Amino acid sequence: MINLLKGEVYKLIKSRAFYVSCLVAVISVIFIHGMLYTASRIQSGEMENGSAGVVVSKEEMQESSVPLLEEITTLDVLQQMYANFTVFFIAVFISIFVVGEYVNGVIKNVVGKGYARWKIFASKYIMSVLATAFLMLLMTVVAVIIGSFVRKGQVAGGAAFAEILKYVGIQLLICIAYCGVVVTISELCRSMGAGIAVNFAIATFSVVIVIAFDHLVQLILPQSDFKVSSYWLVSLMSECPIKDMGVDFVLHAVIVSVVWIIITAGTGIFHFKKADVK
């Protein structure tokens with residue numbers, strides 16, 4: 001198992017997709033702050049409305065005397081990143097990282113060396129999770145650093161550091177569980193085009209689909225409080241509160257994430273053991 005993990009570390013270090021994903025994550029954080037900076041300049045009259053494609057409504061310009069860049073905290077930026085961007089980073093990068101070995105024949109050579117199949121899949125699963133965690137933490141650190149500078153040096157952009165730790169901790173766990181979903185789907189597809197397409201489609205449309213199921217449940221059982229979206233990881237990322245996060249939500253998110261990790265890891269191991277490697 002140790003040798004397999006060392007091999008996965010080597011492959012991750014050599015992976016261009018990993019470095020591109022890290023770069024895109026950093027650029028996304030910078031882009032969001034750039035948009036906020038432009039909006040603040042427009043709000044103060046230093047730039048023309050519509051500059052760089054940014055439009056500030058008259059209501060927003062009249063109602064708020066605080067520059068938008070200072071009004072929106074680092075937690076707000078992180079919420080946008082985790083709720084809207086991270087699923088796509090994970091979907092594309094993990095699909096390439098997992099399926100790439102089937103495309104170039106590396107996985108066939110690894111299986112031929114006699115390693116237990118569950119260990120091969122487990123090592124890939126673990127390294128994918130670690131890569132995802134690194135990507136998310138990099139994005140978070142960059143957001144906190146930029147937020148501290150652009151918001152007049154306020155610690156963590158004016159947000160309580162404990163709240164950032166709590167929010168990022170829960171989102172990180174949910175992202176890790178979602179990474180397991182992408183790893184398993186990539187293993188089931190074993191095709192670069194199909195893996196990326198299916199995972200990207202899930203990241204794009206799954207929230208809409210589970211909301212439709214929520215409405216269906218309400219039609220069938222009007223008195224029921226059950227929501228399918230409460231048990232889907234992408235929905236949890238979007239619904240995760242940035243402030244006053246209750247114990248109930250934390251426990252729910254932890255349990256749902258752990259269950260998804262068990263389901264995806266178990267499914268992936270079972271399929272990898274049974275399916276032929278070509």
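Q: Which residues does Ile-126 touch, not counting residues up to four places away in sequence?
A: This is a predicted model, and in it Ile-126 sits in helix α7. The C-alpha atoms of Ile-126 and Leu-5 are 8.2 Å apart, though 121 residues separate the two in sequence. With residues up to four places away set aside, the ones that Ile-126 touches are Met-1 and Leu-5.

Q: Is Ile-126 buried or partly exposed?
A: Buried would need a relative accessible area under 20%, and exposed would need over 50%. Ile-126 comes out at 35%, so the label is partly exposed.

Q: What is the secondary structure of the protein chain made of?
A: Reading from the N terminus, the elements go α-α-α-α-α-α-α-α-α-α-α. In numbers, that comes to zero strands and 11 helices.

Q: Among contacts between residues at least 6 apart in sequence, what percentage join residues at least 24 apart?
A: The chain has 278 residues, and 44% of them count as buried. For the contacts between residues at least 6 apart in sequence, the share that joins residues at least 24 apart is 79%.

Q: In which helix is confidence lowest, and in which is it highest?
A: Across the protein chain the mean pLDDT is 81, with 83% of residues at 70 or more. Residues 155-159 have pLDDT below 50, yet that stretch still has 13 contacts in the model beyond near neighbours in sequence. By helix, the lowest mean is 50, for α3 (residues 58-63), and the highest is 91, for α11 (residues 247-274).

Q: Which parts does the aromatic pair of Phe-18 and Phe-93 tie together?
A: The structure holds 11 aromatic pairs. In this one, the ring centres are 5.6 Å apart and the planes make an angle of 45 degrees, which counts as tilted. Both Phe-18 and Phe-93 are buried. Phe-18 is in α2 (residues 16-43) and Phe-93 is in α5, so the pair ties together parts 75 residues apart in sequence, in helices α2 and α5.

Q: How many residues apart in sequence are the parts tied together by Phe-88 and Phe-200?
A: Phe-88 and Phe-200 form another tilted pair, at 5.1 Å centre to centre and 50 degrees between the planes. Phe-88 is partly exposed at 25% relative accessibility, and Phe-200 is partly exposed at 37%. Phe-88 belongs to helix α5 and Phe-200 to helix α9 (residues 192-220), so the parts tied together are apart in sequence by 112 residues.

Q: Which residues is Thr-86 in contact with, leaving aside its neighbours within four places in sequence?
A: Thr-86 also has its place in helix α5. Its relative accessible area is 0%, so it counts as buried. Leaving aside neighbours within four places in sequence, its contacts are Met-81, Met-136, Met-139, Cys-175 and Met-237.

Q: Which helices each supply at least two residues of the lining of the largest cavity?
A: The structure holds one cavity of 30 Å³ or more, and the largest cavity has a volume of about 70 Å³. Its lining includes Val-98, Tyr-102, Phe-121 and Val-183. The helices that each supply at least two lining residues are α5 (74-103), α7 (117-150) and α8 (161-189).

Q: How many residues of that lining are nonpolar, polar and charged?
A: Glu-101, Lys-124 and Glu-187 are among the lining residues, and Glu and Lys count as charged. The lining divides into three charged, no polar and seven nonpolar residues.

Q: What is the phi of Arg-190?
A: Arg-190 lies in the loop between α8 and α9. With a relative accessible area of 18%, Arg-190 counts as buried. Its phi is positive in a residue other than glycine, near 55 degrees.

Q: What distance separates the C-alpha atoms of Lys-108 and Val-277?
A: Lys-108 is in helix α6 (residues 106-112) and is partly exposed, with a relative accessible area of 48%. Lys-108 and Val-277 are 169 residues apart along the chain, and their C-alpha atoms are separated by 6.0 Å.

Terms used:
Residues are numbered from 1 along each chain as its sequence is written. This is a predicted model: local features need pLDDT of at least 70, side-chain atom pairs count only at pLDDT 80 or more; totals for chains, interfaces and linings use all residues. Side-chain values use heavy atoms; hydrogens and water are left out. On a 1 Å grid over the protein atoms alone, a cavity is a set of points where a 1.4 Å probe fits but cannot get out, and a pocket is an open set with protein on both sides within 12 Å along at least five of seven lines; lining residues have an atom within 4 Å of a point. Grid points are joined across faces, edges and corners, and a volume is the space filled by probe spheres set on the points. Helices (H or I, at least four residues) and strands (E, at least two) are DSSP runs, numbered from the N terminus. pLDDT is the predictor's confidence in each residue, from 0 to 100. Contact means heavy atoms within 4.5 Å. Rings of Phe, Tyr and Trp (its six-membered ring) pair if their centres lie within 6.5 Å; planes under 30 degrees apart count as stacked, over 60 as edge-to-face and the rest as tilted. Buried means under 20% relative accessible area, exposed over 50%, partly exposed in between (1.4 Å probe, protein chains only).
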